[in-house]
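Hi,

Here is the model I promised to pass on. Have a look, and my notes follow below.

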Amino acid sequence: MQLILKYFPNLTEDQKFKFKTLESLYKDWNLKINVVSRKDIDELYLRHVLHSLGIAKVIQFKNGSKILDVGTGGGFPGIPLAILYPDCSFHLVDSIAKKLKVVDQVVQGLGLSNVKTSHSRVEEIKGQYDFIVSRAVAVMPTFVQWVKGKIAKQQNNDLKNGILYLKGGDLTIELKDYKTTKIYNLSDYFSEEFYETKKVVYLPLKFRG
């Protein structure tokens with residue numbers, strides 16, 4: 001929890017409480033349904049919560065923004081971002097039902113009213129969003145295909161609507177066809193060794209009516 005406060009010192013008391021409660025909820029549910037590895041659950045704030053919040057170092061979502069989290073798994077990056085941005089709406093999608101069961105219980109336990117979940121493939125999701133976030137569920141060309149037509153026309157944020165993707169390693173080949181991509185190194189924001197190779201990839205996407 002101190003790790004979160006180190007980089008996000010201006011949290012409200014409610015946000016602090018929710019981030020603190022997060023750990024016990026995940027540890028409890030992870031014993032029943034394994035969605036986070038044993039090593040990762042012991043380093044939940046470093047490997048999952050702060051990693052998710054790396055997106056918040058790249059953009060501060062304006063109130064009313066709509067964000068789709070694709071392949072949310074155990075609820076990352078969607079749940080930490082939903083705590084940080086209570087006036088934005090988050091739609092967390094995953095094709096694996098047991099993972100969403102944990103997500104639903106954590107959302108309920110935290111009292112997050114700005115999160116909804118769908119057990120679905122993203123291609124079947126209707127609606128449009130300001131941003132689509134994810135943690136490396138597919139290579140970028142595949143991911144772009146999945147989310148085609150899901151970007152809203154109205155621009156509300158400092159960055160143009162598009163994809164914010166948490167990835168690591170060398171992305172040269174994967175991103176060669178995307179000239180408008182911008183890569184943010186999380187090591188510029190977080191000093192922990194875990195973040196040396198971690199990045200946020202931002203790809204603006206045009207609205208397709």
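Which residue lies over the face of Phe8? That would be Lys57, at 4.5 Å from the ring centre. A charge sits over a ring here if NZ of Lys or CZ of Arg is within 6 Å of the ring centre and within 35 degrees of the ring normal. Lys32 lies over the face of Trp29 too, at 4.2 Å from the ring centre.

Before the rest: this is a predicted model, where local features need pLDDT of at least 70 and side-chain atom pairs count only at pLDDT 80 or more, while totals for chains, interfaces and linings use all residues. Residues are numbered from 1 along each chain as its sequence is written, and side-chain values use heavy atoms, leaving out hydrogens and water.

Now the rings. Phe, Tyr and Trp (its six-membered ring) pair if their centres lie within 6.5 Å; planes under 30 degrees apart are stacked, over 60 edge-to-face, the rest tilted. That rule gives 8 aromatic pairs. Phe61 and Phe131 have ring centres 5.6 Å apart and planes at 50°, so they are tilted. Phe61 is in the loop between α5 (55-58) and β1 (66-70), and Phe131 is in strand β4 (residues 131-135), 70 residues apart. (Helices are DSSP runs of H or I, at least four residues; strands are runs of E, at least two, numbered from the N terminus.) Phe61 is buried at 5% relative accessibility, and Phe131 is buried at 0%; buried means under 20% relative accessible area, with a 1.4 Å probe and protein chains only. Tyr7, Phe190, Phe194 and Tyr195 form one aromatic cluster.

Cheers

Terms used
Buried means under 20% relative accessible area, exposed over 50%, partly exposed in between (1.4 Å probe, protein chains only).
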